[in-house]
Amino acid sequence: PIGTIEAGLYLMWFLLFVEVSKANIDLKNKPAWAGAVEYVWHKLRTEKVSQQELAKRYGISSATLGKYVKLVNDLLN
């Protein structure tokens, strides 16, 4: 079972997936998408996390994570 915090993250992911599908965007770089979603989630909850830290966790560069964070923010706004 998941808690309410995790449930919110899943809901955000599904909302983003719907927007990605509508925009016909390919989810080719899955680690980058996952890292970006997690980063935006932490920022929405005003939790401290760095792009560098998440990039390392997901095995991608900080620049790649930054690119995908911008995509996620654009799709959610």
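This is a predicted model, so confidence comes first: the chain averages a pLDDT of 93, and 100% of the residues score at least 70. Within the chain, helix H1 (residues 4-22) has the lowest confidence, with a mean of 91, while helix H3 (residues 51-58) has the highest, at 97.

Now for the packing of H1 and H2. Two packed helices are described by the angle between their axes and the distance between the axes. Here the axes of H1 and H2 come within 11 Å and cross at roughly 125 degrees. That angle makes H1 oblique to H2, and the crossing is right-handed. As for who does the touching, H1 brings Ile5, Gly8, Leu9, Met12, Trp13, Leu16 and Val20, and H2 answers with Trp33, Val37, Val40, Trp41 and Leu44.

Keep an eye on Trp33, one of the H2 residues in that contact, because the tryptophan 33 ring also pairs with the ring of tyrosine 68. How many aromatic pairs are there? With ring centres required to lie within 6.5 Å, the count comes to one. The two ring centres are 5.3 Å apart and the planes sit at 80 degrees; planes over 60 degrees apart count as edge-to-face, so that is what this pair is. The pair ties together distant parts of the chain: tryptophan 33 belongs to helix H2 (residues 30-44) and tyrosine 68 to helix H4 (residues 62-76), 35 residues apart. Are these two residues buried or exposed? Tryptophan 33 and tyrosine 68 are both buried.

Definitions and conventions
Residues numbered from 1 in each chain as written. Predicted model: local features only at pLDDT ≥ 70, side-chain atom pairs only at ≥ 80, totals over all residues. Heavy atoms only, no water. Phe/Tyr/Trp six-rings, centres within 6.5 Å; stacked < 30°, edge-to-face > 60°. Helix = DSSP H or I, 4+ residues; strand = E, 2+ residues; numbered from the N terminus. Buried < 20%, exposed > 50% of the residue type's maximum accessible area, 1.4 Å probe, protein only. pLDDT = per-residue confidence, 0-100. Axes fitted to C-alpha atoms, helices over the stretch in contact; angles between N-to-C directions. Parallel < 35°, antiparallel > 145°, perpendicular 65-115°, else oblique. Left-handed = near helix turned anticlockwise from the far one by under 90°. Contact = heavy atoms within 4.5 Å.
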